[in-house]
Amino acid sequence: MSRRGVLVAGGAGYIGSHTTVELIEAGYEVIVVDNFSNSDASSLEGVAKITGVKPIFVEADCCDKEAMRKVFEEYDFDSVIHFAAFKAVGESVAEPLKYYRNNLLSFVNILELMVEYGRHNVVFSSSATVYGDADVLPVTELTPRKPATSPYGNTKQMSEDILRDMTTATETLNGIALRYFNPIGAHPSAQIGELPRGVPNNLVPYITQTAAGIRECLSIFGGDYPTPDGSCLRDYIDVVDLAKAHVVAINRMVEGRSKSRYEVFNIGTGSPVSVFELVRGFEQANNLKLNYKVAARRAGDVTAVWADTTLANEELGWRAERELCDTLRSAWEWEKNVRRIK
Ligand code: NAD
Ligand code: WQD
């Protein structure tokens, strides 16, 4: 099997497209599989513009095992990164089976095929959501996971457990779960970025769409939390830094440097940032004023969560590098590019 080949499931999406760029730039040959359920081909065109390389692309649903079997039959790769999942927390509460089916079946199919075809390394997109409302901050990888508060969060916990169990049971399989904190920003080229469908759930796309005049006013959900300025604290990780964490995770497994067959790493900056600070940072980075108001708390939000990144720093040799102001500038540059704003 080619150690340089990586199957990127969900590679046309936000994090997948940035990771595809970093993999190509690191010399990997990427095979993207996506069903465009939450993306389109423009991200892959962006990847080609940035890297000069058009990744191999197969339009397929990872839940369709026979379609995925063809990918395993046809292409030479030893590693897989599994991004292919639905990610809207609120929707998962309303439509749990949609999430259990897509997020779990896609992963089970991929793992079954990896074992059947003797492919060795898999990175799973996990999330800080697995920690829930943690008792002690920052959270380390040993912080106990709290019971999931949404079907989405449950799929992340269950997928982690599936990967742990499969690597225990299968000597040939190595897995790394990366627990992303809050990914934001875009590639500095402004060729790829986050493009949510409909009204954004997440803070930064809501901010950029408000700045672009698509949304009238940002609602800051809660100004009365027990935090220094009353708004929630999160760990906002630049998407390019996050993408690079996938490359080091793949390198680690390909080069046989894993300490155990299943490893978990927090991928964040290690610094808490409040919603007010983020809004002010966006205004300063881009020299503009944002229309915002303080509104009621959003159901399900935790007051604060940020990462202890010591393990990723020491074991992966990875750390977040991009300054928050550069990340927030890239988010706006991307939005302007998409909306054709000068
Ligand atoms: P995204 O929706 O932009 O990307 C996911 C991609 O997977 C999309 O291109 C979508 O079309 C594709 N996809 C979904 N189901 C598929 C299927 N069954 N078969 C083939 N393709 C399928 O989301 P993202 O922000 O890039 O997130 C990527 C991964 O990271 C997801 O697993 C998500 O849960 C996880 N994650 C995201 C965040 C975040 O805030 N963005 C945080 C933590 C974890
Ligand atoms: C960030 C902060 C909001 C929108 C979610 C998922 C999590 C992970 C990352 C996938 C919070 C506030 C937001 C707005 C606001 N995804 N906010 N006004 O909720 O930390 O995490 O995305 O795994 O699982 O839950 O991210 O960007 O939605 O919110 O004030 O219009 O911004 O209250 O404090 P969150 P977010």
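Predicted model: local features only at pLDDT ≥ 70, side-chain atom pairs only at ≥ 80, totals over all residues.
The largest contribution is that of β5, which gives three residues. In total, 27 residues surround ligand 1, and Asp34, Asn38, Ser39, Asn102 and Tyr152 are the closest. By residue class, the shell consists of 13 nonpolar, ten polar and four charged residues.

Polar contacts to ligand 1 involve both backbone and side-chain atoms of the protein. A polar backbone atom of Ile15 lies 2.8 Å from an oxygen atom of ligand 1. For Cys62, a backbone N or O atom is 2.9 Å from a nitrogen atom of the ligand. The side chain of Lys156 places an N or O atom 2.9 Å from an oxygen atom of ligand 1. On its own, ligand 1 has 820 Å² of accessible area, of which the protein covers 96%.

Helix α2 spans residues 42-51, and its buried residues are Ser43, Leu44, Gly46, Val47, Ile50 and Thr51. These buried residues line one face of α2, because they fall within an arc of 150° when seen down the helix axis. The elements against which the buried residues of α2 pack are α1, β2 (29-34) and β3 (56-59). Just after α2, Gly52 adopts a positive phi of about 75°.

Technical notes:
Residues numbered from 1 in each chain as written. Chains lettered and ligands numbered in written order. Heavy atoms only, no water. Near = heavy atom within 4 Å. Polar contact = N/O pair within 3.5 Å; in protein donor to acceptor, adjacent residues only side chain to side chain. Areas by Shrake-Rupley, 256 points an atom, 1.4 Å probe, with all protein chains shown as cover. Helix = DSSP H or I, 4+ residues; strand = E, 2+ residues; numbered from the N terminus. Nonpolar A, V, L, I, M, F, W, Y, C, P; charged D, E, K, R; others polar. Buried < 20%, exposed > 50% of the residue type's maximum accessible area, 1.4 Å probe, protein only. Arc of directions from axis to C-beta. Contact = heavy atoms within 4.5 Å.
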